[in-house]
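Please consult the sequence and the structure while reading.

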Amino acid sequence: MKNIILVCLLFLLPSSIIAQEHSSLETIGEFSDSLIAIKKADKWGFVDIHNEIMINYRNDINSEEYNGRDDAKKPIFKNGLCIITQYKEGIPYYGFINKLEEIVIPPTFLNVTNFHNEYALAIIPEKKNRGRNEYLDKDIIAYTFYEAVIDRKGKVIKDLGDVPHIIMSKKTYKKPYSHSYFVSPLQVAIKTEKGKWQLISINQNQ
């Protein structure tokens, strides 16, 4: 009799309450921007506080790995944006989606941080055509790289200096990292070549 009553009660419960469990997950992230990352079948998705899927499982969602020490971090939304990755010629490029799964900052960066209030840090490649090799019938491409502060539209707000020793070849490419980090909403700490630190103001040329 008790079993019959329990079954009847389950039928009376709203379907949204019954379907609130997610099992066989590989890992679970932290609560941020009202969402929690969950990983299944090597793909990440996001649920809200009621366990409802808000971002479908995707294979391009990524976590912040900007300083080379953050591999254990899970993907998060910050300021309504989450890091994604797309591969081009074997090299990963990073950008951002919003909560509607729209790409709002295209993957054009070699590394990025999550947003800190209205800004993020990014390592940016600049590609220039230096001419053409007629013998090989190929364009001669040269790259330069620099670190910058970007806004929520992907616009460069502050150039933080060159980033050396990046080789844009699938076989030898290594993801670039940085020691830079936000110390306040409008200040960035940068480690210089001499091992000292410099404090940069985002909204002033200092």
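Predicted model: local features only at pLDDT ≥ 70, side-chain atom pairs only at ≥ 80, totals over all residues.

Q: What is the volume of the largest pocket?
A: The pocket is lined by 20 residues, and those closest to its centre are E147, D162, I190, K191 and T192. By class, the lining has seven nonpolar, seven polar and six charged residues. The space within the largest pocket is about 430 Å³.

Q: How many charged residues are in the lining of the second largest pocket?
A: The second largest pocket has a volume of about 230 Å³. Its lining includes K88, E89, K127 and K170, and β6 (91-97), β9 (120-133) and β10 (138-150) each supply at least two lining residues. By class there are six nonpolar residues and one polar residue, and the charged residues number four.

Q: Which strands are the edge strands of the open sheet of three strands?
A: The strand order is β12-β13-β14, with antiparallel pairing. An edge strand here pairs on one side only, which identifies β12 (181-184) and β14.

Q: Which residue in β13 does F182 stand opposite?
A: β12 and β13 pair in the antiparallel sense over three bridges. Within the sheet, neighbouring strands are turned by 35° against each other on average, direction ignored. The residue of β13 that stands opposite F182 is V188.

Note on methods: Residues numbered from 1 in each chain as written. Heavy atoms only, no water. 1 Å grid on protein atoms, 1.4 Å probe; cavity = no way out; pocket = protein on both sides within 12 Å on 5 of 7 lines; lining within 4 Å. Points joined across faces, edges and corners; volume = space filled by probe spheres on them. Nonpolar A, V, L, I, M, F, W, Y, C, P; charged D, E, K, R; others polar. Helix = DSSP H or I, 4+ residues; strand = E, 2+ residues; numbered from the N terminus. Pairing = 2+ DSSP bridges. Axes fitted to C-alpha atoms, helices over the stretch in contact; angles between N-to-C directions.
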